[in-house]
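Visitor: Please walk me through this model. I want the criteria behind each label.

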Amino acid sequence: MSILDDPGLFGRQWATKYDQPGNPDPEPAAAFLAGLAGSGPALELAIGSGRVALPLAARGVAVEGIEASPEMVELLRGKPGGAALPVVLGDMADVAVDGSYPLVYLVFNTLFNLTVPGRQEDCFRNVARVLAPGGRFVIEAFVPDEEQFARDEREVQVHGVTEDSVTVRMHRYDREAQTFLRQTLTFREGGIQLRPFGMRYQWPEQIDGFAEAAGLRLEARYADWDRGRFTAESPSHVSVYRKD
Ligand SMILES: C[S@@+](CC[C@H](N)C(=O)[O-])C[C@H]1O[C@@H](n2cnc3c(N)ncnc32)[C@H](O)[C@@H]1O
């Protein structure tokens, strides 16, 4: 097994930095999801530190979560309202909860964190199992961009220069497997820290195929949480799948 396939890797490497400024404003996502949650509860796969779950709960929706990283759950627990949300520690592909949810959601490209072949498909199948009839599974993900891949492979991205460290980032893509490896390197006196991260990316039509195989139907696709029109140029999508 590759280190990239370890569901706990992300939290071990990034939890201490996750809630620093730079992540997207969660309010448009919370507003969109609140409109689909009905009487709840809503289930967030990879709930993380509650970036979206907490503003959604603040809108009166009962939110539950699944998360692989105890470090990320600890961040959630430390925030106002975060201790009250039921969270199962586990792999989101297994969706190890019982229940009948009107809404399950997986945002911020995190479907692609499932790097083991077949696990994204497992995730869809297991979500379909816990969705109530008429329930929705909402995915937010980037649309793969070959030109961006080529730029990523050519360029070293500088992420930080301080008096005692330099942080840079590099990428390697495997176009056949639809995966990439990203290395973030921090150079300090006395050593170099490597933080590997991987994704298995999918085009929207491929995600639709996973949904269809799980018995879910694409109900709507938007360019963003404000329901912007999705076009061939859209860099990302918000897709709503429905269990009829
Ligand atoms: C980019 S963060 C997103 C967190 C949160 N959903 C948000 O929007 O801020 C990715 C999250 O996925 C979690 N994760 C990665 N692989 C996972 C897996 N296989 N099962 C459950 N959680 C996983 C990480 O620990 C991390 O909390």
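Guide: Start with contact: two residues are in contact if their C-beta atoms, placed from the backbone, lie within 7 Å. By that test, seven residues of domain 1 are in contact with seven residues of domain 2. This is a predicted model, where local features need pLDDT of at least 70, side-chain atom pairs count only at pLDDT 80 or more, and totals for chains, interfaces and linings use all residues. Residues are numbered from 1 along each chain as its sequence is written.

Visitor: Where do the domain bounds come from?

Guide: They come from an automatic or database domain assignment. Domain 1 covers 3-143 + 202-242, and domain 2 covers 146-199. Their C-alpha centres lie 25 Å apart.

Visitor: Why is Leu111 called buried?

Guide: A residue is buried if 20 or more other C-beta atoms lie within 10 Å of its own, exposed if 12 or fewer, and partly exposed in between; C-beta atoms are placed from the backbone. Leu111 has 25 other C-beta atoms within 10 Å, so Leu111 is buried.

Visitor: Which residues is Leu111 in contact with, leaving aside its neighbours within four places in sequence?

Guide: Leu106, Gln120, Cys123, Ile139 and Ala141.

Visitor: What makes a set of residues a nonpolar core?

Guide: The set holds buried Ala, Val, Leu, Ile, Met, Phe, Trp, Tyr and Cys residues joined through C-beta atoms within 7 Å. The largest such core here has 53 residues. Leu33, Ala42, Leu56 and Val104 have the most contacts inside it. Beyond four places in sequence, Leu33 is in contact with Ala42, Leu56, Leu103, Tyr105 and Val138.
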